[in-house]
Amino acid sequence: MQELLRSIHFRKVFYLICLIVLVILFIVKFTVLPVITRREAEPKRILRHILDTLIGAIIAGMVVGGILFWVSGNE
């Protein structure tokens, strides 16, 4: 596992995939749910919360990955 965390190629692929997923989630969120209204339908509210949670989880994963990469050092 230590060698995998030190691999520059693995780091690039990890961040590339995370950024692509984030962009896709933001595009889906703002095309499907373009405006915030006070009286949203229940399915839209649930979808908004799910997308926000996924976006937060991806960002948290990037932070944890960055910390792991920083602690493990470089090749």
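**Exercise 1. Which helix is Glu 42 found in, and how exposed is Glu 42 there?**

Before starting: this is a predicted model, where local features need pLDDT of at least 70, side-chain atom pairs count only at pLDDT 80 or more, and totals for chains, interfaces and linings use all residues. Residues are numbered from 1 along each chain as its sequence is written, and side-chain values use heavy atoms, with hydrogens and water left out.

Step 1. Glu 42 sits in helix H3; helices here are DSSP runs (H or I, at least four residues), numbered from the N terminus.

Step 2. Its relative accessibility is 45%, so Glu 42 counts as partly exposed (buried is under 20% relative accessible area, exposed over 50%, partly exposed in between, with a 1.4 Å probe and protein chains only).

Step 3. Now the neighbours: the side chains of Glu 42 and Arg 45 make a polar contact of 3.1 Å (a pair of N or O atoms within 3.5 Å, one able to donate a hydrogen and the other to accept it).

**Exercise 2. Work out how H2 lies against H3.**

Step 1. Take the axes of H2 (residues 8-32) and H3 (residues 42-72): they come within 10 Å and cross at roughly 165°.

Step 2. That angle makes H2 roughly antiparallel to H3 (over 145 degrees, on a scale from 0 to 180).

Step 3. For the residues involved, sort by class: the contact has 19 nonpolar, four polar and four charged residues.

**Exercise 3. List the buried residues of H2.**

Go along the helix and you get Arg 11, Cys 18, Leu 22, Leu 25 and Lys 29.

Notes: Helix = DSSP H or I, 4+ residues; strand = E, 2+ residues; numbered from the N terminus. Parallel < 35°, antiparallel > 145°, perpendicular 65-115°, else oblique. Nonpolar A, V, L, I, M, F, W, Y, C, P; charged D, E, K, R; others polar.
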